[in-house]
Amino acid sequence: MIANYHTHTYRCGHAEGNEREYAEQAEKAGLRTLGFSDHTPYDFYDIGPRSQPMRMSLEEFPGYMDSLRALEEEYRGRLEIIPGVEVEYYPKYFPRLLEILRSGGVRYMLLGQHFLGNEVEDRYCGIPCPEAGELERYVSQSIEALETGLFTYFAHPDLFRFTGEEAAYDREMTRLCRAARDTGTPLEINLLGLREGRHYPDLRFWRIAAREGCRAVLGCDAHQPRWVTDPGSEEKAEKIAADLGLELLREVPLRSL
Ligand SMILES: [Zn+2]
Ligand SMILES: [Zn+2]
């Protein structure tokens, strides 16, 4: 890997290490580009300030951006540091979020649709679910996000853990993959999932993505500095892509907000 755009920090509450430790490790490992994509703060202005303990608070956000900008300067010419965030698309709260991220100077967003509806009133996407209607909701919400044209790539698009009819999975994920292709949005093969043997990357999904002509990118989803690169999982992901005839991008063009 020469670029990893999927990196967390201690601020999200379930990762270890500060920005500098990730940058040091990335330089050592020979990366050219290190994008930070910690879980975005979110302003649920009418239903409570922060409902999931998986993201930084709005108060922590300026500190996150300040420290990344300082690091960007310090590493200039050696390692390109890019301040970004991983974002769920919640239609009602997204416009206000965009204002916050834009005024903070965020350079890119990854789509990471961890929750249906929104995380306060609805549910997590990664639990086993046999209902086609729920998968359809995940896909429709994700397509709406892709169609904003604002997301640099879609992280772990196969997070939804569907246990129902294969025909429904194929139908819905085909819809999702076509939207990714038509909006030119790369799909991420998530190396954290590979590393930990999670239910994603889901081969059913990647067969569809290859068939539909989607482009893929590798993301380390580092929650510890040592995982800003992961050659072992990278090799496995490359084999999946090669076996399926999936185009793998080494770098992706950033989409500004
Ligand atoms: Zn994620
Ligand atoms: Zn992540």
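Q: Before we start, what should I keep in mind about the numbering and the model?
A: Residues are numbered from 1 along each chain as its sequence is written, while chains are lettered from A and ligands numbered from 1 in the order in which they are written. This is a predicted model in which local features need pLDDT of at least 70 and side-chain atom pairs count only at pLDDT 80 or more, whereas totals for chains, interfaces and linings use all residues, and side-chain values use heavy atoms, with hydrogens and water left out.

Q: Are His6 and His8 buried or exposed?
A: His6 counts as buried because its relative accessibility is 0%, and His8 counts as buried at 0% as well. Buried means under 20% relative accessible area, exposed over 50%, and partly exposed in between (1.4 Å probe, protein chains only).

Q: What about the zinc ion (ligand 1), which protein donors does that have?
A: Glu86 (OE), His114 (NE2) and His156 (NE2) are its protein donors, lying 2.2 Å from the ion, and in sequence these residues are spaced E-x27-H-x41-H. His114 lies in the loop between strand 4 (108-111) and helix 4 (132-146) and His156 in the loop between strand 5 and helix 5, so the pair ties together parts that are 42 residues apart in sequence. Helices (H or I, at least four residues) and strands (E, at least two) are DSSP runs, numbered from the N terminus. Both His114 and His156 are buried.

Q: How far apart are the two zinc ions?
A: The zinc ion (ligand 1) and the zinc ion (ligand 2) are 3.2 Å apart, with Glu86 coordinating both.

Q: Switching topic, where is Thr152, and what does its side chain reach?
A: Thr152 is found in strand 5 (residues 151-154) and counts as buried, because its relative accessibility is 2%. The side chain of Thr152 reaches the backbone nitrogen of Arg255 at 2.9 Å.

Q: Last one, which rings are stacked?
A: Among the 14 aromatic pairs found in the whole structure, the rings of Tyr42 and Phe44 have their centres 5.1 Å apart and their planes at 10 degrees, so this pair is stacked. Rings of Phe, Tyr and Trp (its six-membered ring) pair if their centres lie within 6.5 Å; planes under 30 degrees apart count as stacked, over 60 as edge-to-face and the rest as tilted. Tyr42 is buried at 2% relative accessibility, and Phe44 is buried with a relative accessible area of 1%. Tyr42 and Phe44 belong to one aromatic cluster with Tyr45, Tyr90 and Tyr93.

Note on methods. Polar contact = N/O pair within 3.5 Å; in protein donor to acceptor, adjacent residues only side chain to side chain. Donors = N, O, S within 2.8 Å, 3.2 Å for Na, K, Ca; no water.
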